[in-house]
Amino acid sequence: MEYKDLIKKAREAQKKAYVPYSNFPVGAALLTKSDKVYTGCNIECASYGGTNCAERTAIFKAVSEGDKDIEAIAVVGVQEEYTFPCGICRQVIVEYGKDIKLIIGKNENEYKVFTIDELLPHSFSPEDLLE
Ligand code: THU
(Lines give C-alpha, C1' and ligand atoms only; values in the text may rest on other atoms or scores of the structure.)
Protein backbone atom coordinates (compact mmCIF):
# COMPACT_ATOMS: atom_id res chain seq x y z
CA MET A 1 0.00 0.00 0.00
CA GLU A 2 1.24 3.48 -0.82
CA TYR A 3 1.82 5.92 2.00
CA LYS A 4 -0.74 8.35 0.60
CA ASP A 5 -3.42 5.66 0.85
CA LEU A 6 -2.41 4.92 4.44
CA ILE A 7 -2.70 8.65 5.19
CA LYS A 8 -6.19 8.67 3.66
CA LYS A 9 -7.19 5.85 6.02
CA ALA A 10 -5.77 7.77 8.99
CA ARG A 11 -7.77 10.83 7.91
CA GLU A 12 -10.91 8.70 7.74
CA ALA A 13 -10.24 7.26 11.24
CA GLN A 14 -9.73 10.78 12.60
CA LYS A 15 -13.45 11.44 12.05
CA LYS A 16 -14.20 8.97 14.86
CA ALA A 17 -12.02 10.77 17.41
CA TYR A 18 -13.73 11.35 20.75
CA VAL A 19 -12.19 14.62 21.85
CA PRO A 20 -14.64 16.68 23.94
CA TYR A 21 -11.81 18.09 26.12
CA SER A 22 -8.99 18.95 23.73
CA ASN A 23 -10.99 19.27 20.53
CA PHE A 24 -7.80 17.97 18.88
CA PRO A 25 -8.74 14.96 16.72
CA VAL A 26 -5.96 12.62 15.62
CA GLY A 27 -6.16 9.67 13.24
CA ALA A 28 -3.76 6.78 12.72
CA ALA A 29 -3.52 3.92 10.27
CA LEU A 30 -1.19 1.01 10.93
CA LEU A 31 0.07 -1.18 8.09
CA THR A 32 1.23 -4.70 8.97
CA LYS A 33 3.99 -6.50 7.08
CA SER A 34 1.25 -8.72 5.63
CA ASP A 35 -0.53 -5.63 4.24
CA LYS A 36 -3.41 -5.46 6.68
CA VAL A 37 -4.53 -2.06 7.97
CA TYR A 38 -5.74 -1.23 11.50
CA THR A 39 -6.98 2.29 12.14
CA GLY A 40 -7.29 4.26 15.35
CA CYS A 41 -8.39 7.62 16.75
CA ASN A 42 -7.79 9.36 20.04
CA ILE A 43 -10.32 8.61 22.73
CA GLU A 44 -10.48 11.01 25.66
CA CYS A 45 -11.77 10.55 29.17
CA ALA A 46 -13.18 12.90 31.81
CA SER A 47 -10.40 11.55 34.04
CA TYR A 48 -7.78 12.86 31.61
CA GLY A 49 -5.17 10.17 32.31
CA GLY A 50 -7.53 7.63 30.80
CA THR A 51 -7.09 9.19 27.36
CA ASN A 52 -5.73 6.95 24.62
CA CYS A 53 -3.88 8.39 21.62
CA ALA A 54 -4.77 7.46 18.04
CA GLU A 55 -1.50 5.58 17.50
CA ARG A 56 -1.95 3.40 20.56
CA THR A 57 -5.58 2.70 19.65
CA ALA A 58 -4.40 1.34 16.27
CA ILE A 59 -1.54 -0.64 17.85
CA PHE A 60 -3.75 -2.18 20.53
CA LYS A 61 -6.30 -3.16 17.90
CA ALA A 62 -3.60 -4.86 15.82
CA VAL A 63 -1.84 -6.61 18.71
CA SER A 64 -5.13 -7.77 20.24
CA GLU A 65 -5.92 -9.40 16.90
CA GLY A 66 -2.55 -11.17 16.95
CA ASP A 67 -0.83 -8.85 14.45
CA LYS A 68 2.49 -7.66 15.88
CA ASP A 69 4.48 -7.33 12.65
CA ILE A 70 4.15 -3.63 12.03
CA GLU A 71 5.53 -2.06 8.86
CA ALA A 72 4.38 1.55 9.19
CA ILE A 73 1.99 3.85 11.03
CA ALA A 74 0.52 6.99 9.46
CA VAL A 75 -0.56 9.82 11.76
CA VAL A 76 -2.63 12.89 10.95
CA GLY A 77 -3.67 15.74 13.21
CA VAL A 78 -5.31 19.02 12.42
CA GLN A 79 -5.24 19.93 8.76
CA GLU A 80 -2.01 21.40 7.38
CA GLU A 81 0.09 20.72 10.48
CA TYR A 82 2.39 17.82 11.25
CA THR A 83 1.40 15.91 14.40
CA PHE A 84 4.16 13.78 15.86
CA PRO A 85 3.55 10.86 18.22
CA CYS A 86 3.81 11.69 21.91
CA GLY A 87 6.52 10.14 24.09
CA ILE A 88 4.26 7.41 25.44
CA CYS A 89 3.25 6.35 21.93
CA ARG A 90 6.91 6.35 20.79
CA GLN A 91 7.76 3.97 23.63
CA VAL A 92 4.83 1.69 22.75
CA ILE A 93 5.77 1.72 19.05
CA VAL A 94 9.42 0.77 19.65
CA GLU A 95 8.17 -2.31 21.50
CA TYR A 96 7.32 -3.79 18.08
CA GLY A 97 10.51 -2.90 16.18
CA LYS A 98 13.05 -0.14 15.76
CA ASP A 99 12.57 -0.08 11.98
CA ILE A 100 8.84 0.76 12.05
CA LYS A 101 8.16 3.72 9.79
CA LEU A 102 6.16 6.71 11.00
CA ILE A 103 4.39 8.59 8.23
CA ILE A 104 3.62 12.03 9.62
CA GLY A 105 1.11 13.58 7.27
CA LYS A 106 -0.11 17.11 6.76
CA ASN A 107 -2.20 15.63 4.00
CA GLU A 108 -1.88 12.76 1.54
CA ASN A 109 0.63 14.67 -0.58
CA GLU A 110 2.72 16.27 2.13
CA TYR A 111 4.25 13.93 4.64
CA LYS A 112 7.52 13.12 6.41
CA VAL A 113 8.82 9.61 7.00
CA PHE A 114 10.94 8.62 10.02
CA THR A 115 11.83 5.34 11.63
CA ILE A 116 10.82 5.03 15.28
CA ASP A 117 14.55 4.72 16.03
CA GLU A 118 14.99 8.24 14.65
CA LEU A 119 12.13 9.59 16.76
CA LEU A 120 13.15 7.71 19.91
CA PRO A 121 16.92 7.24 19.75
CA HIS A 122 18.81 5.24 22.38
CA SER A 123 15.54 3.71 23.48
CA PHE A 124 14.92 1.17 26.18
CA SER A 125 13.33 -1.69 24.28
CA PRO A 126 12.61 -5.43 24.46
CA GLU A 127 16.16 -6.33 23.48
CA ASP A 128 17.33 -4.83 26.79
CA LEU A 129 15.20 -7.33 28.68
CA LEU A 130 14.83 -10.35 26.44
CA GLU A 131 18.48 -11.32 25.88
N1 THU B 1 -2.81 12.79 20.67
C2 THU B 1 -2.83 11.70 19.84
O3 THU B 1 -3.85 11.02 19.72
N4 THU B 1 -1.70 11.40 19.17
C5 THU B 1 -0.60 12.19 19.13
O6 THU B 1 0.32 11.87 18.42
C7 THU B 1 -0.53 13.39 19.96
C8 THU B 1 -1.63 13.59 20.91
C9 THU B 1 -4.06 13.17 21.35
C10 THU B 1 -4.15 12.93 22.82
C11 THU B 1 -5.24 13.92 23.19
O12 THU B 1 -6.51 13.31 22.96
C13 THU B 1 -5.09 15.06 22.21
O14 THU B 1 -4.30 14.54 21.15
C15 THU B 1 -4.42 16.29 22.79
O16 THU B 1 -3.26 15.96 23.46
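This is a predicted model: local features need pLDDT of at least 70, side-chain atom pairs count only at pLDDT 80 or more; totals for chains, interfaces and linings use all residues.
Residues are numbered from 1 along each chain as its sequence is written, and side-chain values use heavy atoms, with hydrogens and water left out.

A side-chain N or O atom of Glu-44 is 2.5 Å from a ligand oxygen. For the side chain of Glu-55, the distance is also 2.5 Å. A polar backbone atom of Phe-84 lies 3.2 Å from an oxygen of the ligand. Taken alone, the ligand exposes 370 Å², of which the protein buries 79% (Shrake-Rupley method, 1.4 Å probe).

Glu-55 belongs to helix H2, residues 54-64 (a DSSP run of H or I, at least four residues). Glu-55 is buried (under 20% relative accessible area, 1.4 Å probe, protein chains only). Yet Glu-55 has no salt bridge (a side-chain nitrogen of Lys or Arg within 4 Å of a carboxyl oxygen of Asp or Glu). The nearest side chain of opposite charge, Arg-56, is 6.5 Å away. Beyond four places in sequence, Glu-55 touches Val-26, Ala-28, Val-75, Phe-84, Pro-85, Cys-86 and Cys-89 (heavy atoms within 4.5 Å).

The buried residues of H2 are Ala-54, Glu-55, Arg-56, Thr-57, Ala-58, Ile-59 and Ala-62. Their cover includes strands S1 (27-32), S2 (37-41) and S3 (70-76), and helix H3 (87-94) (strands are DSSP runs of E, at least two residues).

Methods. Buried means under 20% relative accessible area, exposed over 50%, partly exposed in between (1.4 Å probe, protein chains only). Lys and Arg count as positive and Asp and Glu as negative; His and the chain ends are not counted. A polar contact is a pair of N or O atoms within 3.5 Å; within protein, one must be able to donate a hydrogen and the other to accept it, and residues adjacent in sequence count only if both atoms are side-chain atoms.
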